Structures are given as structure tokens and as C-alpha cells.
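Here is a friendly walk through one structure, written for someone who likes the cut-offs next to the values. Please have a look at the model first, and then read on.

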Amino acid sequence: MPPLLTLLAPVAARDWIEAKAFLERFTGVSHDALHVIVGVAVQLVLAALFRTSIARFWPWAVVLLAELANEWNDLRIERWPNLGEQLGEGAKDLALTMLLPTVLLLAVRFCPRLFRR
């Protein structure tokens, strides 16, 4: 990695954490609810932008990869007094983010008649 990027990487990661905190305070929506909302929104926006179905695996996979990157960044930058609590919070965030995208993916794939007139 180039030296400049090595120096800026922690700044960008810290800015991401600050941006998430701002979004939570600005919207008044809880941290947990934001995970649920953003997970579904990203899946639906990707499917709409690329004119594909949410029954396709890849919009779900992008949500998963983005959430894993988010949690990795949190673990790398934030330091909680108790690592177990921090890991538990990360696991909860992952579960909340992926729950509805997973339900949508499976429902559209295996029960498509639920989504037709």
C-alpha cells in the first residue's frame, strides 16, 4: 500500500464511524434499526439499479460483504473495555442487517407467487 494511503486509512475509517454516529443522531433512528433499514435498502437499490431480481444471489452477497467490511472496520478502530461485548454487538449487527435481505431472497426464490398479483 502506498505510504499516503497507509497514513490516511485510519482517518477514513474513523470518519466512517463518525458518519454513522451522525446519521444515527440526525435521523433519531436507533443503531439497530439503521442496520435493518440499510440492509434492505441496499439490496433493493442494487436490484433496481442493475434491473435484476432480489431473487438473484448477488445483491444479497453485496449486502453481506458491505456489512462484514463495516464490522471489520468497527473492530479495527473501536476499542471496547470488553472484547466479548464488542464481538457480541458485531454479531448482533450482522444478524440484524442480514435478516430481512435473507428473508426476501428466500421468499422471492422459493415462494414467487407471494410477489405476483
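A residue is called buried when its relative accessible area is under 20%, exposed when it is over 50%, and partly exposed in between, using a 1.4 Å probe and protein chains only. By that rule Trp-60, at a relative accessible area of 16%, is buried.

A word on the source: this is a predicted model, in which local features need pLDDT of at least 70 and side-chain atom pairs count only at pLDDT 80 or more, while totals for chains, interfaces and linings use all residues. Residues are numbered from 1 along each chain as its sequence is written, and side-chain values use heavy atoms, with hydrogens and water left out.

Helices are DSSP runs of H or I with at least four residues, and they are numbered from the N terminus. Helix α3 covers residues 57–77, which makes 21 residues. From first C-alpha to last it reaches 30 Å, close to the expected 30 Å; the expected span is 1.5 Å times one less than the number of residues.

Which residues make up the largest nonpolar core? The five are Trp-60, Ala-61, Val-63, Met-98 and Leu-105. A nonpolar core here is a set of buried Ala, Val, Leu, Ile, Met, Phe, Trp, Tyr and Cys residues joined through side-chain atoms within 4.5 Å. Both α3 and α4 supply at least two residues of this core, and the largest share, three residues, comes from α3. In soluble globular proteins, nonpolar side chains tend to be buried together.

Leaving out residues up to four places away in sequence, Val-63 touches Gly-39, Val-42, Gln-43, Thr-97, Met-98 and Pro-101, where contact means heavy atoms within 4.5 Å.

**Gln-43, a buried polar side chain**

Gln-43 sits in helix α2 (residues 31–49). Is this residue buried or exposed? With 0% relative accessibility, Gln-43 counts as buried. Beyond its neighbours within four places in sequence, Gln-43 has contacts that include Ile-54, Trp-60, Val-63 and Leu-105. A polar atom of the Gln-43 side chain also lies 3.3 Å from the backbone oxygen of Pro-101.

**Aromatic pairs**

Rings of Phe, Tyr and Trp (its six-membered ring) pair if their centres lie within 6.5 Å; planes under 30 degrees apart count as stacked, over 60 as edge-to-face and the rest as tilted. The count comes to three aromatic pairs. In one of them, the ring centres of Phe-22 and Phe-26 are 5.5 Å apart with planes at 15°, so this pair is stacked. Both residues belong to helix α1 (residues 3–27) and are four residues apart, about one turn of the helix. Phe-22 is exposed at 54% relative accessible area, and Phe-26 is exposed too, at 64%.

Phe-57 and Trp-60 form a tilted pair, with 5.3 Å from centre to centre and 40° between the planes. These two are three residues apart in helix α3, about one helical turn.

**Salt bridges**

There are four salt bridges in the structure, each being a side-chain nitrogen of Lys or Arg within 4 Å of a carboxyl oxygen of Asp or Glu. The table shows three of these pairs.

| Asp-74 | Lys-20 | 2.8 Å |

The bridge of Asp-74 in helix α3 to Lys-20 in helix α1 links parts of the chain 54 residues apart. Asp-74 itself is buried, at 8% relative accessibility. In the Glu-24 pair, Glu-24 is partly exposed at 22% and Arg-25 is exposed at 63%.

Asp-32 lies in helix α2 and Lys-92 in helix α4 (residues 83–110), so their bridge ties together parts 60 residues apart in sequence. Asp-32 is partly exposed at 26%, as is Lys-92 at 34%. Through shared partners, salt bridges join Asp-32, Glu-89 and Lys-92 into one network.

**One backbone detail**

Arg-51 is placed in the loop between α2 and α3. Its phi is near 50°, a positive value in a residue other than glycine. Arg-51 is exposed, at 79% relative accessibility.

Notes
Polar contact = N/O pair within 3.5 Å; in protein donor to acceptor, adjacent residues only side chain to side chain.
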